[in-house]
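Subject: A structure for you to explore

Hi there,

Here is the structure I promised to pass on to you. Have a look at it first, and then read my notes below.

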Amino acid sequence: MAALLLGAVLLVAQLQLMPCRPAAPGAEPGQQELVGKAATLQNEVRAGAAPNGSAQQLPQTIIIGVRKGGTRALLEMLSLHPDVAAAENEVHFFDWEEHFSQGLGWYLSQMPFSAPHQLTVEKTPAYFTSPKVPERVHSMNPSIRLLLILRDPSERVLSDYTQVFYNHVQKHKPYPSIEEFLVRDGRLNVDYKALNRSLYHVHMQNWLRFFPLRHIHIVDGDRLIRDPFPEIQKVERFLKLAPQINASNFYFNKTKGFYCLRDSGRDRCLHESKGRAHPQVDPKLLNKLHEYFHEPNKKFFELVGRTFDWH
């Protein structure tokens, strides 16, 4: 019997993505649709669930970004809820071809085991800025609920640079100053990838081609840092979770300079790589950054019908 169950699981894992309807205009050739296969795959897995009822489930919600916006903090805070099961690592299924080509069976295998009543969540910040991802996610589950956490675009650029800078430092490799990236021929270098990642309206338009705005909850990353509890309450309501996370689950760590978590009497903080000091930037250059993002920010506010306290 065990051998038969193992064989069934392996067979499910080999299921490949099959087209269900024609691809949208402008989609890649042979864009594969997943709705039917996703339902079939999940039913197969539930049928072979463990005796305690736990099984790996395709995510019912995804934290789609943005990079250096606070996705790890959001996932850790959401994991305080007993009805949430979160994938530990960034999966990169929809944006990495070598993963996407392996099909939904592979994606499912990256999910945590969860009870039937629990909500499975994964987070991959690169999803938000990857052009192919919205259609692929929609093809898997057009009703999925998406979480997008954003910070002041200028601050996000500085965080983006800081992460890459420290990655080089740890490997004892030299890395140029942020000015060398931000300035070219005396002007702001608009080709710098970190700048493009902060053009939120451009990427949001791509997601709104496939999902209505009501399916995307935008978390204010700056407020989440300053006062996490109200923001996580909004996330609970959006995901239709019973209110279980309390203000007592958060405490301010003066040494680290940000909020940490308290869960069942156990204290835990984000990794030391979080909350690093940004590089010192010439005020004039910082003003150029703020000016550059002024119009894009207005377009984003109009797009989502909401304003944020950004420069």
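Accessible areas here come from the Shrake-Rupley method with a 1.4 Å probe. By that method, the accessible surface of the chain comes to about 16000 Å², and 54% of it belongs to carbon and sulfur atoms. Please keep in mind that this is a predicted model.

Let's start with the overall picture. The chain has 311 residues, 47% of them buried, and it contains 13 helices and 12 strands. If you take the contacts between residues at least 6 apart in sequence, 72% join residues at least 24 apart.

Next, the inside. Which residues of the largest nonpolar core touch the most other members? They are Phe 94, Tyr 107, Trp 207 and Phe 300, out of 37 residues in that core. Several elements give two or more residues to this core, including α2 (35-47), β2 (61-65), α10 (200-208) and α13 (283-304). The largest share, 4 residues, comes from α5. Apart from this core lies another one of 23 residues, with Val 121, Val 235, Ile 245 and Leu 261 among them.

Now for a sheet. Three strands form an open sheet in the order β10-β11-β12, with antiparallel pairing. Because β10 (250-253) and β12 (266-268) stand at the edges with a single partner strand each, one side of each has no neighbour in the sheet. From one strand to the next, the twist averages 35°. The strands β10 and β11 (residues 258-263) are paired over 4 bridges, and Phe 252 has Tyr 259 in β11 as its bridge partner.

Finally, the charged side chains. The count of salt bridges comes to 14. Here are some to find:

- Glu 231 and Lys 234 meet at 3.1 Å, N to O. They are about one helical turn apart, because 3 residues separate them in helix α12 (residues 228-238). Glu 231 is buried at 2% relative accessibility, while Lys 234 is partly exposed at 28%.
- Arg 223 and Asp 220 meet at 3.6 Å, N to O. Asp 220 is buried, at 5%, and Arg 223 is partly exposed, at 42%.
- Arg 184 pairs with Asp 191, with the closest N and O atoms 3.8 Å apart. Arg 184 is partly exposed at 47%, and Asp 191 is exposed at 54%.
- Arg 67, Arg 156, Asp 160 and Arg 197 are linked in a network.

Enjoy exploring!

Best wishes

Note on methods. Residues are numbered from 1 along each chain as its sequence is written. This is a predicted model: local features need pLDDT of at least 70, side-chain atom pairs count only at pLDDT 80 or more; totals for chains, interfaces and linings use all residues. Side-chain values use heavy atoms; hydrogens and water are left out. A nonpolar core is a set of buried Ala, Val, Leu, Ile, Met, Phe, Trp, Tyr and Cys residues joined through side-chain atoms within 4.5 Å. Buried means under 20% relative accessible area, exposed over 50%, partly exposed in between (1.4 Å probe, protein chains only). Contact means heavy atoms within 4.5 Å. Two strands pair if DSSP finds at least two bridges between them. Axes are lines fitted to C-alpha atoms, for helices over the stretch in contact, and angles run from 0 to 180 degrees between N-to-C directions. A salt bridge is a side-chain nitrogen of Lys or Arg within 4 Å of a carboxyl oxygen of Asp or Glu.
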